[in-house]
Amino acid sequence: MVFQPQLKILISRDDIAEAVDRLACEIKRDYQGKQPLLIGVLKGSFVFMADLIRQLDLPLELDFIRLSCYGAARESSGKVKVVQGVKTPIKGIDVLVVEDIVDTGITISFLLDYFKKKQPASLKVCTLTDKPSRRRVPVPIDYRGFTVPNKFIVGYGLDCDQKFRNLPHIYALED
Ligand code: IMP
Ligand code: MG
């Protein structure tokens, strides 16, 4: 891996693995006897999703949704659009939305409204990281890996201008 001097490790791969184990335990406990549908928000959640489902000994299904909101910038435009929807039926299903990060809360708030209309049996949110200092819309978070400071973070699926998703740790991007 090329040395990236502007990146500082914030959460190591070992700490991420430990958090994924803990979240999987909580989810397994809460979804006993159920067949949840995990919906990952592309692209950021795909690494977390891949690790999480392999710790989940449940008859789960998974799907992904792709949204547009950020463009190439680091700031949300505040407008969310569905670019690629979920094909799996949702009505009467226990849905768990899987995110890489909840920042302003605009995305999760939009998704909860969007999925609620499809009448799932239940609807919950699991996020690997949470940046509450940036919240603009209050959102419920059922499963949270880490609370992170007000810094832009990359790695383990998270990007900056589509770069750094492949890094194994989570880093803070220093300006
Ligand atoms: P929100 O709508 O502001 O909560 O932002 C949600 C989305 O913005 C996340 O799913 C990420 O894709 C992106 N995002 C927000 N903060 C960061 C960050 O620090 N690093 C990378 N992506 C971020
Ligand atoms: Mg995301």
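Is Phe 115 buried or exposed? At 0% relative accessibility, Phe 115 is buried, where buried means under 20% relative accessible area, exposed over 50% and partly exposed in between (1.4 Å probe, protein chains only). The views below come from a predicted model, in which local features need pLDDT of at least 70, side-chain atom pairs count only at pLDDT 80 or more, and totals for chains, interfaces and linings use all residues. Residues are numbered from 1 along each chain as its sequence is written, chains are lettered from A and ligands numbered from 1 in the order in which they are written, and side-chain values use heavy atoms, with hydrogens and water left out.

**View 1. The shell around ligand 1.**

View 2. Look for the pairs of N or O atoms within 3.5 Å. The side chain of Glu 99 places an N or O atom 3.0 Å from an oxygen atom of ligand 1. Gly 105 uses a backbone N or O atom, 2.9 Å from a ligand oxygen, while Lys 131 brings a polar side-chain atom to 2.9 Å from an oxygen of ligand 1. The protein covers 92% of the 490 Å² of accessible area that ligand 1 has on its own (Shrake-Rupley method, 1.4 Å probe).

**View 3. The magnesium ion.** Ligand 2, a magnesium ion, is coordinated by Glu 99 (OE) and Asp 100 (OD), at 2.5 Å. Donors here are N, O and S atoms within 2.8 Å of the metal (3.2 Å for Na, K and Ca); water is not among the atoms, so sites may look incomplete. Both Glu 99 and Asp 100 are buried.

**View 4. An aromatic cluster.** Ring pairs link Phe 110, Tyr 114 and Phe 115; rings of Phe, Tyr and Trp (its six-membered ring) pair if their centres lie within 6.5 Å, with planes under 30 degrees apart stacked, over 60 edge-to-face and the rest tilted. The structure holds two aromatic pairs. Phe 110 and Tyr 114 are stacked, at 5.8 Å centre to centre and 15 degrees between the planes. These two residues are four apart in helix H3, so about one helical turn separates them. Tyr 114 is partly exposed, with a relative accessible area of 22%. The rings of Tyr 114 and Phe 115 are edge-to-face because their planes stand at 70 degrees, with centres 5.3 Å apart.

Key: A polar contact is a pair of N or O atoms within 3.5 Å; within protein, one must be able to donate a hydrogen and the other to accept it, and residues adjacent in sequence count only if both atoms are side-chain atoms.
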